[in-house]
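Please keep the sequence and the structure in view while reading.

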Amino acid sequence: MPLTRPMTSDELAGLIPHAGTMCLLDGVLAWDRSRIRCIARSHRSPDNPLRHADRLAALCGVEYASQAMAVHGGLTGGGGRPAAGYLASLRDLACHVARLDDIEEDLIIEAENLTGEGSRVIYGFSVTAGGQELLSGRAAVVIDAGGLDRGAE
C-alpha cells in the first residue's frame, strides 16, 4: 500500500475543496489504487456545519463518504486536488442508525472504486463505528461536469 503512515487532516485538506470545519475527515488510515479508509471525529463536534437542530442525521454520512472519495481521487491522481466531482446518484443506500452525533466511537469511512470510465466513477462506501455499520451504499460521481461543452448537442 502506498501509505506508509496515516495522513493528517492538514495533509488531506489539500485534496478536497472544503476548508475549515467543512473538512470532515481527520485522516487517511490506508489506501491503494481501488480503496481508501479514513477516520473522522467531527461527527461529535457541536460546531459540525452539517448539524441541524443540534443533531447530525445519519444521511450526513454520505458527505463523509464523498470526501473520502475525493481524497482517493487526489491520491490516485498523483497527490493533487482532483477535478471537481459531482454526486450524480446514490444506490442501495442503507442507514442503520438515525443519527451520527450520538456515536461515541470514531467513524471509519471506507470507499472502493468499483468502476470508472472517463468522467464517471462508481464507488461503494460504508461508514462504521465500533465495528457496527452505520451507513452504506453506492455513489455515481461525475468528474469535472462543469467542463463539459453543453452547447454541443
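Two strands are taken to pair if DSSP finds at least two bridges between them, and the elements themselves are DSSP runs numbered from the N terminus, with helices (H or I) of at least four residues and strands (E) of at least two. The model is a predicted one, in which local features need pLDDT of at least 70 and side-chain atom pairs count only at pLDDT 80 or more, while totals for chains, interfaces and linings use all residues. Residues are numbered from 1 along each chain as its sequence is written, and side-chain values use heavy atoms, with hydrogens and water left out.

**The sheet.** An open sheet is formed by 7 strands in the order S1-S2-S3-S5-S6-S7-S4, with antiparallel pairing. Strands S1 (7–8) and S4 (85–95) each have a single partner strand and stand at the edges, so one side of each is left without a neighbour in the sheet. Within the sheet, S5 and S6 run antiparallel and are joined by 9 bridges; Asn-113, for instance, has Tyr-123 in S6 as its bridge partner.

| Strand | Residues |
|---|---|
| S5 | residues 107–117 |
| S6 | residues 120–129 |

**The helix H2.** The 16 residues of H2 should span 22 Å at 1.5 Å a residue, and the end C-alpha atoms are 23 Å apart, which agrees; the expected span is 1.5 Å times one less than the number of residues. Of these 16 residues, 12 are buried, where buried means under 20% relative accessible area, exposed over 50% and partly exposed in between (1.4 Å probe, protein chains only). Gly-78, which follows H2, has a positive phi near 110 degrees.

Ala-65 lies in H2, which covers residues 61–76, and counts as buried because its relative accessibility is 0%. Beyond its neighbours within four places in sequence, Ala-65 is in contact (heavy atoms within 4.5 Å) with Ile-109 and Phe-125. Arg-138 is 73 residues from Ala-65 in sequence, yet their C-alpha atoms are 9.9 Å apart in space.

**The core.** A nonpolar core is a set of buried Ala, Val, Leu, Ile, Met, Phe, Trp, Tyr and Cys residues joined through side-chain atoms within 4.5 Å. The largest such core has 35 residues, and Leu-25, Ile-36, Val-71, Leu-107 and Ile-109 have the most contacts inside it. Elements giving two or more residues to this core include S2 (27–31), S3 (35–40) and S7 (132–143), while H2 gives the most, with 7 residues. Leaving out residues up to four places away in sequence, Val-71 touches Leu-12, Leu-15, Ile-16, Leu-25, Val-28 and Ile-36.
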